[in-house]
Amino acid sequence: MYWWKEDSEPAPGFGDLMQRSKVPLTLADVRLPDAPLIGVNEAFCQVTQYGPEMCLGRNCRFLQPAGGAGPVRQRMRDFIANDRIEDGKFLVPNVRADGSPFLNLVYMTKLQYNNEIAYIFGSQFEIRRHGEEALQIYETALKQDIRQLGSIAGEMGIVMLGTYEQLASSHSIIAKLRVSGLKGD
């Protein structure tokens, strides 16, 4: 299952891709004030425990704890503001609808339409719940989804600026967390 903010699906096929994906996916429209989410899938809603009615039309900041996400928030803002940076990965503290915290590895890539950055395609991976094997499954599934997204988007004149090569650094992020004592369950 997937959901779109009314009349906002950017191209036919995006919804099908999001529905088929087992990876938590989002789509934000950066042309709108505060870059709200215009699309979320069931996997995203399951991880965050927020239904689509609570997600659509809002910036993903609503997932951050009351005190904010710390320095990563500025790095994410810098990513969004810099048209030369095509994709990025961020380790973000988040909070589910029930108030329980989780550490979220967020991958974002920019999508261009009519020669302007129009959307940010996002994917999430909950760090603490999963081990190395789950991370590999996530990365494989996300690479497949991104390849399909690139194909669908290209047919509609939407250009994906980032690539799935950025995903390769996930293993180093996990290793750093484990060294720091934040091992997965």
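I take a salt bridge to be a side-chain nitrogen of Lys or Arg within 4 Å of a carboxyl oxygen of Asp or Glu. By that rule Asp29 forms one with Arg31, with the closest N and O atoms 3.0 Å apart.

**Ground rules.** I am working on a predicted model, where local features need pLDDT of at least 70, side-chain atom pairs count only at pLDDT 80 or more, and totals for chains, interfaces and linings use all residues. Residues are numbered from 1 along each chain as its sequence is written, and side-chain values use heavy atoms, with hydrogens and water left out.

**Overview.** I looked up the elements, taken as DSSP runs numbered from the N terminus: helices are H or I with at least four residues, strands are E with at least two. The protein chain has 6 helices and 7 strands. Their order from the N terminus is β-α-β-β-α-α-α-β-β-β-α-β-α. For burial I used relative accessible area: buried is under 20%, exposed is over 50%, and partly exposed is in between (1.4 Å probe, protein chains only). Of the 185 residues in the protein chain, 48% are buried. I then looked at contacts, meaning heavy atoms within 4.5 Å. Among contacts with a separation of 6 or more, 55% are between residues 24 or more positions apart.

**Strand β5.** I followed β5, residues 101-113, and found that 10 of its 13 residues are buried. Strands count as paired if DSSP finds at least two bridges between them. Strand β4 (residues 87-95) runs antiparallel to β5 and is joined to it by 9 bridges. In that pairing, Lys89 has Tyr107 of β5 as its bridge partner. The two strands form a hairpin with 5 residues between them, and Gly99 in the turn has a positive phi of about 90°. On to β6, residues 116-126: 10 bridges join it to β5, again antiparallel. Leu105 stands opposite Phe125 in β6. The hairpin of β5 and β6 has 2 residues between the strands, and Asn114 takes a positive phi near 50°.

**Salt bridges.** I noted 3 salt bridges in the structure. In the pair of Asp29 and Arg31 given above, Asp29 is buried at 8% relative accessible area, whereas Arg31 is partly exposed at 37%.

The side chains of Asp34 and Arg61 also meet in a salt bridge, at 2.7 Å from N to O. This pair links distant parts of the chain, 27 residues apart: Asp34 is in the loop between β2 (25-29) and β3 (37-41), and Arg61 in the loop between α3 (52-55) and α4 (72-81). Asp34 is partly exposed at 44%, and Arg61 is partly exposed at 29%.

Glu126 and Arg96 meet at 2.4 Å, N to O. Here too distant parts of the chain are linked, 30 residues apart, with Glu126 in strand β6 and Arg96 in the loop between β4 and β5. Glu126 is buried at 7%, and Arg96 is buried at 9%.

**Cysteines.** I checked for disulfides, pairs of cysteine sulfur atoms within 2.5 Å. The count is 0. The sulfur of Cys45 has its closest cysteine sulfur in Cys55, 4.8 Å away, which is too far for a bond. Cys45 is buried, at 8% relative accessible area. For Cys60 the closest cysteine sulfur is also in Cys55, at 7.9 Å, and that too is too far for a bond. Cys60 is partly exposed at 29%.
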